Amino acid sequence: MNDLFHTARDRASCCTAAAMRLVPSFEGQDKITRALLNKAMTTAFGGSDADGRWTQRESFEVLELALALAMRSRSTDRLDVTHDDVLQAAVLLDRLPTQTVRSEEQIEWQQFSTPLDLAAVALILAAPMPSDIVLEPSAGNGLLVAQLPTVTALQLNEIEPARRARLQAVFPEAPISAHDGATIGSAMAASTRPTLIIMKRREISAHVPRVSSTDTSRSNAEWRLPIRLAVRAPARPARAIGLLT
């Protein structure tokens, strides 16, 4: 895994450079076009997808990274998420190009990111407080918690090396672990207990091995493991919110 992670980290620096070129575009009102995205990728990677420097799937990952960076810059000093944030997120989503490319790996691991407006709704329901220690056990590109208001600490977990490497650009202050969803409860037992867990059921289940595509019995049980971190928190009552996508 170390070699794979180093490779992912090297590519992550190019992805971050491409994403940073896109971030200013989110401040305006114009559409974020495929041409704009391709230009950012070509500049950052020193060549086009036709040259084999990057893939269309990677470009969509970069688009999500740029979106997470833009949302995080707006959220670091906010105290809560409101209905207006949901509306603004929906408007912003309408300006983005449609993601039409799904890799086999993405489908296998069920890596379908949370829409920004749905993430805002989840945060309203979660009602994070400044005193919270928040865990996102299937962080992906960070979109679910990119709008998170000020909290005491944020803990992220992402098993996929490329996404894990990119997360460091969005959440430089957060520890990022690489635990499997089936073992995260025991693996993080010694860590500071979260007081709020925000997660996606689909990606937690995807981290759990199944005998076949129709065998959901284990994943349906194991996806609840991260919640046990909150339930067993000794210091104060804990909460958890899961998006059943």
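The structure is a predicted model, in which local features need pLDDT of at least 70, side-chain atom pairs count only at pLDDT 80 or more, and totals for chains, interfaces and linings use all residues. Residues are numbered from 1 along each chain as its sequence is written, and side-chain values use heavy atoms, with hydrogens and water left out.

Gln 99 is placed in the loop between H4 and helix H5 (104-108), where helices (H or I, at least four residues) and strands (E, at least two) are DSSP runs numbered from the N terminus. Leaving aside neighbours within four places in sequence, Gln 99 is in contact (heavy atoms within 4.5 Å) with Arg 57, Phe 60 and Glu 64. Gln 99 and Leu 63 are separated by 36 residues in sequence and, C-alpha to C-alpha, by 9.7 Å in space.

Helix H3 (residues 56-75) packs with helix H7 (residues 161-170), their axes coming within 9 Å and crossing at roughly 25°. Axes are lines fitted to C-alpha atoms, for helices over the stretch in contact, and angles run from 0 to 180 degrees between N-to-C directions. H3 and H7 are therefore roughly parallel to each other; angles under 35 degrees count as roughly parallel, over 145 as roughly antiparallel, 65 to 115 as roughly perpendicular and the rest as oblique. The crossing of H3 and H7 is right-handed, a crossing being right-handed if the near helix is turned clockwise from the far one by less than a right angle, and left-handed if anticlockwise. On the H3 side the contact involves Glu 61, Glu 64, Leu 65, Ala 68, Leu 69 and Arg 72, which meet Arg 163, Arg 166, Ala 169 and Val 170 of H7. These residues divide into five nonpolar, no polar and five charged, with Ala, Val, Leu, Ile, Met, Phe, Trp, Tyr, Cys and Pro counted as nonpolar, Asp, Glu, Lys and Arg as charged, and the others, Gly among them, as polar. H7 is mostly covered, seven of its 10 residues being buried; these are Pro 161, Arg 163, Arg 164, Ala 165, Arg 166, Leu 167 and Val 170.

H3 also packs with helix H2 (residues 34-45), at an angle of about 100° and with the axes 10 Å apart. H2 and H3 are therefore roughly perpendicular to each other. Arg 34, Leu 37, Asn 38 and Met 41 of H2 meet Gln 56, Glu 58, Ser 59, Phe 60, Val 62 and Leu 63 of H3.

The axes of helix H4 (residues 83-93) and helix H6 (residues 116-126) come within 7 Å and cross at roughly 165°, which makes H4 roughly antiparallel to H6. This crossing is right-handed. Its contact residues divide into nine nonpolar, one polar and two charged.

Ser 177 lies in strand S3 (residues 176-177) and, at 16% relative accessibility, counts as buried. The side chain of Ser 177 makes a polar contact with the side chain of Asn 157 (2.7 Å); a polar contact is a pair of N or O atoms within 3.5 Å, of which, within protein, one must be able to donate a hydrogen and the other to accept it, and residues adjacent in sequence count only if both atoms are side-chain atoms. Not counting residues up to four places away in sequence, Ser 177 touches Leu 156, Asn 157, Glu 158, Arg 164 and Met 188.

Terms used. Buried < 20%, exposed > 50% of the residue type's maximum accessible area, 1.4 Å probe, protein only.
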